[in-house]
Amino acid sequence: KNGIQVAIDGPASAGKSTVAKLVAKQFGYIYVDTGAMYRAITYKVLKSGLSLDNETAISDIVRSSEISFAPSDKGQLVYIDGEDITEAIRQEDVTNSVSAVSAISTVREELSADQQRIAINGGVVMDGRDIGSTVLPDAEVKIFLIASVEERAQRRYKENIEKGIDTPLDELQLEIEARDYKDSHRKISPLTKADDAVEIDTTSLSIEEVVEKIASVIKDEL
Ligand code: C5P
């Protein structure tokens, strides 16, 4: 075996991808951003002009699309059917529609199956909403990251400013709360802490401190 499975779940903007990438690097594991996969499908749905309640057409899209990741010096690039959508999937339109698309059963079935295939040999850090609870129920390490909504909105605000996006802080907070509500209340595999997950509140911790805590949980399993 190449290493263990590490599942990192939690609400929007809790810092999952930032720490997951660093943890993966430290252990030489692959990093899988499952949110990017849901965002990729959402991007294609919006581009096709489909209504978000057209489950039949959206199911066809998820079955026929090829999502892939590739490393680069700017970080991990995301592709759908060969098109680089790394930046497009972070835009407001995708962010505000992704919870509706990710609530569709066929979308979840297809993407979860892909995620399970990627993780089958271990040596993987996967972040999302339902990784510890549903996708990788036997993951050796399960982390549930939380932070106050004010802190999460602040972090998103700072990230946005660096990218030249100037959305008001209160608007970001409402967007985060709305998305968490939808992700936690959907019928299929809602956002939830697995019983055996270790919860870490990152509100007053630095990135390094969070990485350190997760690394020590992993070392206990090796
Ligand atoms: O992590 P990120 O914010 O990029 O995720 C975008 C959206 O994808 C979430 O708000 C959620 O609707 C969906 N998602 C999901 N299950 C996952 C990961 C993401 O439903 N495992």
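## Helix 2 and helix 4

Helix 2 and helix 4 are roughly perpendicular to each other, a class that covers angles of 65 to 115 degrees. They pack at an angle of about 105°, with their axes 8 Å apart. Axes are lines fitted to C-alpha atoms, for helices over the stretch in contact, and angles run from 0 to 180 degrees between N-to-C directions. Helices are DSSP runs of H or I with at least four residues, numbered from the N terminus.

Helix 2 contributes Tyr-38, Arg-39, Ile-41, Thr-42, Tyr-43 and Leu-46 to the contact, and helix 4 contributes Asp-93, Val-94, Thr-95, Ser-97, Val-98, Val-101 and Ser-102; contact means heavy atoms within 4.5 Å. These residues divide into seven nonpolar, four polar and two charged. Ala, Val, Leu, Ile, Met, Phe, Trp, Tyr, Cys and Pro count as nonpolar, Asp, Glu, Lys and Arg as charged, and the others, Gly among them, as polar.

## Basis of the model

This is a predicted model, in which local features need pLDDT of at least 70 and side-chain atom pairs count only at pLDDT 80 or more, while totals for chains, interfaces and linings use all residues. Residues are numbered from 1 along each chain as its sequence is written, and side-chain values use heavy atoms, with hydrogens and water left out.

## Burial of helix 4

Helix 4 spans residues 92–102, and its buried residues include Val-94, Ser-97, Val-98 and Val-101. Buried means under 20% relative accessible area, with a 1.4 Å probe and protein chains only. The cover over the buried residues of helix 4 includes helix 2 (34–47), helix 3, helix 5 and helix 8 (169–185).

## Helix 3 and helix 5

The axes of helix 3 (residues 55–64) and helix 5 (residues 105–119) come within 9 Å and cross at roughly 10°. That angle makes helix 3 roughly parallel to helix 5, the term for angles under 35 degrees. Ile-58, Ser-59, Val-62 and Arg-63 of helix 3 meet Thr-106, Val-107, Glu-110 and Leu-111 of helix 5. Four of the residues in this contact are nonpolar, two polar and two charged.

## Ligand surroundings

Of the 16 residues around the ligand, Arg-39, Arg-108, Asp-130, Asp-183 and Arg-186 come nearest; a residue is near if one of its heavy atoms lies within 4 Å. For Thr-34, a side-chain N or O atom is 3.0 Å from a nitrogen atom of the ligand.

Conventions. Helices (H or I, at least four residues) and strands (E, at least two) are DSSP runs, numbered from the N terminus. Angles under 35 degrees count as roughly parallel, over 145 as roughly antiparallel, 65 to 115 as roughly perpendicular and the rest as oblique. A polar contact is a pair of N or O atoms within 3.5 Å; within protein, one must be able to donate a hydrogen and the other to accept it, and residues adjacent in sequence count only if both atoms are side-chain atoms. Buried means under 20% relative accessible area, exposed over 50%, partly exposed in between (1.4 Å probe, protein chains only).
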